[in-house]
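Let's take a walk through a protein together.

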Amino acid sequence: MSQMLRETGLPSAPQEDAYALVMEHYRASPREQARFSDLMRLIPSGLHSALDIGARDGYMSKALAGKVDRVTALDLDKPSFTAPRVTCVQGDATALQFPDRHFDLVFCAEVLEHIPTRLLDKACAELSRVAGQYVLIGVPYKQDIRKDQTTCYHCGAVNPPWAHVNSFDERRLQALFPQLEVQKITYVETAGPDTNGLSAALMNFAGNPYGTYGQEEPCIHCGHKLTPPPPRNLAQKVATKGAVWLNRMQDVVTPRHANWVHILFRQPKR
């Protein structure tokens with residue numbers, strides 16, 4: 001968290017207050033506002049109920065409550081916030097405790113990239129099952145999850161950035177929701193340069209000094225909190241410089257792509 005505060009330029013604060021400050025700063029950024037606004041524009045009018053998958057602090061749930069009559073905010077731990085027209089529940093996206101087609105809209109942004117790959121098909125089938133009309137998905141687009149990896153200094157394993165264990169494009173998303181029809185696809189912002197296999201290997205050898213160690217998510221392998229790496233030795237510093245140089249060379253010849261993809265799916269008309 002302290003690293004995140006340094007990156008955003010915010011002062012130190014108690015842990016919970018610091019997290020709230022970081023999130024407020026992040027959501028006020030132009031990039032995040034562009035993503036948020038695009039998602040809100042995709043929500044069809046005239047809907048009465050919505051399920052927000054991975055509601056966390058309720059930022060999206062509260063926005064949804066301005067678009068529909070009733071919102072159910074679901075997370076693995078029951079969300080603790082309160083808001084008009086929002087009901088908070090504990091639940092698992094891979095085993096939703098709702099009847100078929102129970103919600104007019106199922107909203108799922110910044111979630112699928114975190115779900116273990118072995119459970120991804122099951123989760124998407126559940127989202128489709130409880131959606132009465134629409135499913136709105138937002139995920140990073142063609143993310144190179146080798147970039148900005150972290151090393152867990154408890155178990156020694158390498159983690160993808162922000163615990164993003166899945167990468168998506170249009171084809172993969174449509175394959176995950178085969179029973180639904182694509183209503184609209186939009187793209188938001190431009191992603192930074194990708195990396196390559198050799199550069200990623202050099203960064204791993206160097207201990208991944210530029211990884212996302214300020215993330216809230218723990219190590220996906222052992223569950224311990226990620227901590228910043230120790231000082232590098234000479235060989236690791238050389239490897240880091242080589243990795244950075246390779247990435248810069250690749251950036252010159254590699255076209256950029258969108259940072260986020262949003263897809264509005266619809267149930268087929270009966």
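**A guided tour, starting at one residue**

Gln-143 counts as buried, because its relative accessibility is 19% and the cut-off for buried is under 20%. Please keep in mind that this is a predicted model. You can find Gln-143 in the loop between strand 5 and strand 6, the latter covering residues 150-151. Setting aside residues up to four places away in sequence, Gln-143 touches Pro-161, His-164 and Ser-167.

Now zoom out to the whole chain. Its secondary structure amounts to eight helices and nine strands. How does the radius of gyration fit with that of a compact globule? For 270 residues, such a globule would have a value near 18 Å, and the protein chain has 20 Å, which agrees. Of the 270 residues, 47% are buried. The chain exposes about 13900 Å², and carbon and sulfur atoms supply 54% of that area.

Two further values describe the chain as a whole. Take the contacts between residues at least 6 apart in sequence: 70% of them join residues at least 24 apart. As for charges, there are 30 positive and 28 negative ones, and their mean positions lie 3 Å apart.

Let's go inside next. The largest nonpolar core has 31 residues, and those with the most contacts inside it are Leu-51, Ile-53, Val-106, Leu-112, Ile-137 and Phe-177. Several elements give two or more residues to this core, among them strand 1 (49-53), strand 4 (103-109), helix 6 (170-176) and strand 9 (258-266). Which element gives the most? That is helix 5, with five residues.

Leaving aside neighbours within four places in sequence, Ile-53 is in contact with Leu-74, Ala-93, Leu-96, Val-106, Phe-107, Cys-108, Val-111 and Leu-127. There is also a second, separate core of 25 residues, which includes Phe-36, Ala-63, Phe-107 and Leu-264.

Look for Glu-32 in helix 3, which covers residues 30-42. Is Glu-32 buried or exposed? With a relative accessibility of 3%, Glu-32 counts as buried. Leu-226 is 194 residues away from Glu-32 along the chain, and their C-alpha atoms are separated by 24 Å.

Move on to Gln-236, which belongs to helix 8 (residues 234-253). Gln-236 has a relative accessible area of 17%, so this residue is buried. Its contacts beyond four places in sequence are with Phe-205, Ala-206, Gly-207 and Pro-231.

Our last stop is Gly-192, in the loop that runs between strand 8 (181-190) and helix 7 (197-205). Why is Gly-192 counted as partly exposed? Its relative accessibility is 35%, and partly exposed is the class in between the buried limit of 20% and the exposed limit of 50%. Leaving out residues up to four places away in sequence, Gly-192 touches Lys-147 and Arg-256. Finally, compare sequence with space: Gly-192 and Pro-140 are 52 residues apart in sequence, while their C-alpha atoms are 12 Å apart.

Notes:
Residues are numbered from 1 along each chain as its sequence is written. This is a predicted model: local features need pLDDT of at least 70, side-chain atom pairs count only at pLDDT 80 or more; totals for chains, interfaces and linings use all residues. Side-chain values use heavy atoms; hydrogens and water are left out. A nonpolar core is a set of buried Ala, Val, Leu, Ile, Met, Phe, Trp, Tyr and Cys residues joined through side-chain atoms within 4.5 Å. Buried means under 20% relative accessible area, exposed over 50%, partly exposed in between (1.4 Å probe, protein chains only). Helices (H or I, at least four residues) and strands (E, at least two) are DSSP runs, numbered from the N terminus. Contact means heavy atoms within 4.5 Å. The radius of gyration is taken over C-alpha atoms; the globule rule is 2.2 Å times the number of residues to the power 0.38. Accessible areas come from the Shrake-Rupley method with a 1.4 Å probe; for residues, only the protein chains shown count as cover. Lys and Arg count as positive and Asp and Glu as negative; His and the chain ends are not counted. The place of a charge is taken as NZ of Lys, CZ of Arg, CG of Asp or CD of Glu.
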